[in-house]
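Colleague: Walk me through this model, one feature at a time. Give me the general idea, then the case at hand.

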Amino acid sequence: HASIEEHVVGEADAEHYCRYLAKAGYLARVGHRRYRHLPRRRTGPLPPQIQRVRQVFDPNTGEVVWKGGAE
């Protein structure tokens, strides 16, 4: 569901993004490869970003909301 004609998102990439968003508290796992959005984490129109340093950054709030190793 994340793909558009000009940019196809692979299943592995989508799963990776969802796993990080779950660690950061944006999504809850509800089954094998199924997630639901947590309303309390609606911070604005821009999507959270997974950064190379293994952290999730929310451009709406300007905050790092999860750092690798901080389970």
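Colleague: Where is Lys67 found?

Modeller: Lys67 is in strand β5. Helices (H or I, at least four residues) and strands (E, at least two) are DSSP runs, numbered from the N terminus. Residues are numbered from 1 along each chain as its sequence is written, and this is a predicted model, where local features need pLDDT of at least 70, side-chain atom pairs count only at pLDDT 80 or more, and totals for chains, interfaces and linings use all residues. Side-chain values use heavy atoms, with hydrogens and water left out.

Colleague: Which residues is Lys67 in contact with, leaving aside its neighbours within four places in sequence?

Modeller: Contact means heavy atoms within 4.5 Å. With those neighbours left aside, Lys67 is in contact with Arg54 and Gln55. Take Arg54 and Lys67: 13 residues separate them in sequence, and their C-alpha atoms are 6.2 Å apart in space.

Colleague: Where is Arg54 found, and why does it count as partly exposed?

Modeller: Arg54 is in the loop between β3 and β4. Arg54 is partly exposed because its relative accessible area is 42%.

Colleague: What is phi near in Arg54?

Modeller: Start with the general rule. Most residues other than glycine have a negative phi. Arg54 has a positive phi, near 60 degrees, and is a residue other than glycine. Arg33 also has a positive phi near 60 degrees. Arg33 sits in the loop between β1 and β2. Glycine gives another case: just after α1, Gly25 takes a positive phi of about 90 degrees.

Colleague: Back to Gln55. Is Gln55 buried or exposed?

Modeller: Gln55 counts as buried, because its relative accessibility is 13%. Gln55 lies in strand β4. Not counting residues up to four places away in sequence, Gln55 touches Gln49, Ile50, Val64, Trp66 and Lys67.

Colleague: With which side chain does the Gln55 side chain make a polar contact?

Modeller: A polar contact is a pair of N or O atoms within 3.5 Å; within protein, one must be able to donate a hydrogen and the other to accept it, and residues adjacent in sequence count only if both atoms are side-chain atoms. The Gln55 side chain makes one with the side chain of Gln51, at 2.6 Å.

Colleague: Now the helix. How many residues has α1?

Modeller: Helix α1 has 13 residues, 11-23. To check a helix, compare its span with the expected one, 1.5 Å times one less than its number of residues. From first C-alpha to last, α1 reaches 18 Å, close to the 18 Å expected.

Colleague: Which residues of α1 are buried, and what do they pack against?

Modeller: The buried ones are Glu15, Tyr20 and Leu21. The buried residues of α1 pack against β1 (27-31), β2 (34-37), β3 (49-51), β4 (55-58) and β5 (63-67).

Colleague: How many salt bridges does a search of the whole structure find?

Modeller: Look for a side-chain nitrogen of Lys or Arg within 4 Å of a carboxyl oxygen of Asp or Glu. The search finds three. One joins Arg33 and Glu11, with the closest N and O atoms 2.3 Å apart. That pair links distant parts of the chain: Arg33 in the loop between β1 and β2, Glu11 in helix α1, 22 residues apart. Arg33 is partly exposed at 45% relative accessibility. Glu11 is exposed, with a relative accessible area of 56%.

Colleague: Which residues are linked in a network of salt bridges?

Modeller: Glu15, Arg19 and Arg29 are. Arg29 bridges to Glu15 with the closest N and O atoms 3.1 Å apart. This pair also links distant parts of the chain: Arg29 in strand β1, Glu15 in helix α1, 14 residues apart. Arg19 and Glu15 meet at 3.8 Å, N to O. Both lie in helix α1, four residues apart, about one turn of the helix. Glu15 is buried, because its relative accessible area is 12%. Arg19 is partly exposed at 39%, and Arg29 is partly exposed at 47%.

How values were computed. Buried < 20%, exposed > 50% of the residue type's maximum accessible area, 1.4 Å probe, protein only.
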